[in-house]
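Please consult the sequence and the structure while reading.

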Amino acid sequence: MSFELFVQYLVNGVALGSLYALVAIGYTIIYGVVNLMNMAHGEFFMVAAFLAMWGVNKLPLPWYVAYAISTVITVLLGLFVEKVAYRPLRKVKVSSFIGAISVSFLLQNLFVVLFTSRSKQFPHPEFLDEVLHFGNVSIPVVNIVIVIVSAGMFLILSYIVSKTKMGRAMRAVSKDLEAAQLMGINPDRVISFSFILSTTFAAVGAFMYCSKFPYVDPFTGAIPGLKAFIGAVMGGIGSIPGALVGGFTLGLSEIMLVGFLPTMTSYRDIFAYLILILFLLFRPGGIFNVKIREEKV
Amino acid sequence: MEKKQLKTILSLVSVAVILFFSFWAEDHLDSYQIRLLYMWGIYVIFVASFNLVYGYTGQFSMGHAGLAAVGAYTVSLLILSPEAKQLSFFIAPPIWPISVVQWPFLPSLILAGVLTAIVGFLIGAPALRLRGDYLLIATLGFSEIIRLLLCNMPSICNGAMGLKGIPHHANLTWVAGLAIFTVFVVKRLVDSSYGRAMRCVKEDEIAAEAVGVNLFYHKILAFVISSFFVGIGGALFAEVLGTIDPNTFKPYLTYAVMIMAVLGGVESLTGGIIAAAVYTVMSELLRVVETPRTFFSLEYPGIPGLRMLVFAVMLLLLILFARKGLMGDREFSWDWLLSKVQRDTKGGQES
């Protein structure tokens, strides 16, 4: 095998990895702050993609307006779901998980009812379809955009979390909810804010994922949502740098597996699940062994 | 007559009545009604086994779909004739033991249960070390791995094509009998000292350990017994469907069982039986809404997906507002019925 082929796979892997990382961060923010595995995250992703598609095809809006409006609506949906479905269940541990699953199930089927389950073309700006060539390595523009946007999103997030007042409040709540409350932090506001961040990441991730794989149906969110979740667990769920590394590792290894062992392609989801289970069993703190509070295990 | 004897007689009589009814129904009801009763019985088996692990032992496992697949495939591969298998395996010919074997129904069913119990042990032994969400994710992962392995093993289970023309051995009496058997075993188990230990594990693991309950042993016991019945249920499921493929056993099947269990009340077998009936009937009623039809020249397009939407909304509402479900942890008992009858007759005499 040639060096160029390796570089080619590396480039694809980095793009897929950044996508997974972007979505994984959405899971991790929620888990860090609320201690909830938000299984409906993949569905927020799907909703964002659907709304953007609907905006461009039906209204019709230019893509950037449609993407922006779709992000706003997805964020509002996230806030609504948090308030109506998750907040009342916050005290009851396992029920909150059933709540998250039923929200995911509800959104999927709501969109089947509204838009049928046929998959449709996702409208994206045309320049993303172009391909740049460097010798024998060809890089689709969409991959470059994915990496740049993900890096930008990550920088903004780390600024918010480390520098702003809200970010400090988020860290305080994730360390110790009760102590944070005693210090005058309103946990409801912090949790709402973390849902805003998480759904924004889901929406941006969705636009880029669906530009790369340009089909949307009500189950679009399931697979990337799941992979990103596995990435988040690999990096240590609750840790933002962990989600980044975990998502990257999973994306890269998936592309490398498919590239170098093409016969194993149909086994890649099995490997992903196996990685998930092995991490849960032997290293629930993820690659960096993030400290996990007793009640989380 | 002693009250205890009376209750035993009442139980035996009602079992006999149910079995007789199922025997009668086979010849007198139409195939659609029989199918509904059949599904009811299978769902009762699924819900009772779900309750054993979640409701009584407090271990939230979402592995039902994968375990049911093990039972379904085992029984189908054993009862299909070698010729039928040769015909339907056109991606790759079946490998040796599968290509020649053909068993009668009952041993196949038992083997399906036993094999599923073994798989349940293999899944449970590592996964039950985890708690709460982590256990749930791990079992869901195992369930999906089983399904994906089925897709990827064309020479054992015909891959994604699935199996067709599974002969129909189990009649309604079989299903009714097995459903009663499942409920009976689960009930006896949770009322035994094992069951009390399981409830203790559910309430407080540290306290349970402190009073000498072996946590892991009781968790795995509940899980393996539950898996055995899931395997039996899966086998009957394959029998009634006649055609199975890996997509039959997507996590949706587990969600359906979870919806039924939550609807009935996770600590109530009576609730589970009622909820299974409600789910079966609702599922059929909503199927009507999904199919397009014409009412007097009025075109009704039919709304695909509506059924699942209704169930999703129902699950969310249950979790938000009625976490105890229909029955909570109450059970039907002869004592309750007898006291009600006595009170009514007394009331009748006085007036």
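## Helix packing and the chain interface

In chain B, helix 10 and helix 12 (residues 215–241) have axes that come within 10 Å and cross at roughly 110°. Helices here are DSSP runs of H or I with at least four residues, numbered from the N terminus. The axes are lines fitted to C-alpha atoms over the stretch in contact, and angles run from 0 to 180 degrees between N-to-C directions. Helix 10 of chain B is therefore roughly perpendicular to helix 12 of chain B, a term for angles of 65 to 115 degrees. On the side of helix 10 of chain B, the contact is made by B:Y194, B:A197, B:M198 and B:V201. Contact means heavy atoms within 4.5 Å. Helix 12 of chain B contributes B:L215, B:Y217, B:H218, B:K219, B:L221 and B:A222.

The model is predicted: local features need pLDDT of at least 70, side-chain atom pairs count only at pLDDT 80 or more, and totals for chains, interfaces and linings use all residues. Residues are numbered from 1 along each chain as its sequence is written, chains are lettered from A and ligands numbered from 1 in the order in which they are written, and side-chain values use heavy atoms, with hydrogens and water left out.

Helix 10 of chain B also packs against helix 9 of chain B, as the table shows.

| Helix pair | Angle between axes | Distance between axes |
|---|---|---|
| Helix 10 and helix 12 of chain B | roughly 110° | within 10 Å |
| Helix 9 and helix 10 of chain B | about 75° | 4 Å |

Helix 9 of chain B and helix 10 of chain B are therefore roughly perpendicular to each other as well. From helix 9 of chain B, residues B:L189, B:V190 and B:D191 take part, and they meet residues of helix 10 of chain B including B:S193 and B:Y194.

How many residues of chain A are in contact with chain B? The contact joins 41 residues of chain A with 38 residues of chain B. The area buried between the two chains (the accessible area, with a 1.4 Å probe, lost on being put together and summed over both) is about 3600 Å², and carbon and sulfur atoms give 79% of this area. A:I98, A:F105 and A:L281 supply 18% of the area that chain A buries against chain B, more than any other three residues.

The count between chain A and chain B is 0 salt bridges, a salt bridge being a side-chain nitrogen of Lys or Arg within 4 Å of a carboxyl oxygen of Asp or Glu. Over all chains, the count comes to 14 salt bridges. One of them pairs A:D188 with A:R87, with the closest N and O atoms 3.8 Å apart.

Note on methods. Helix = DSSP H or I, 4+ residues; strand = E, 2+ residues; numbered from the N terminus. Parallel < 35°, antiparallel > 145°, perpendicular 65-115°, else oblique.
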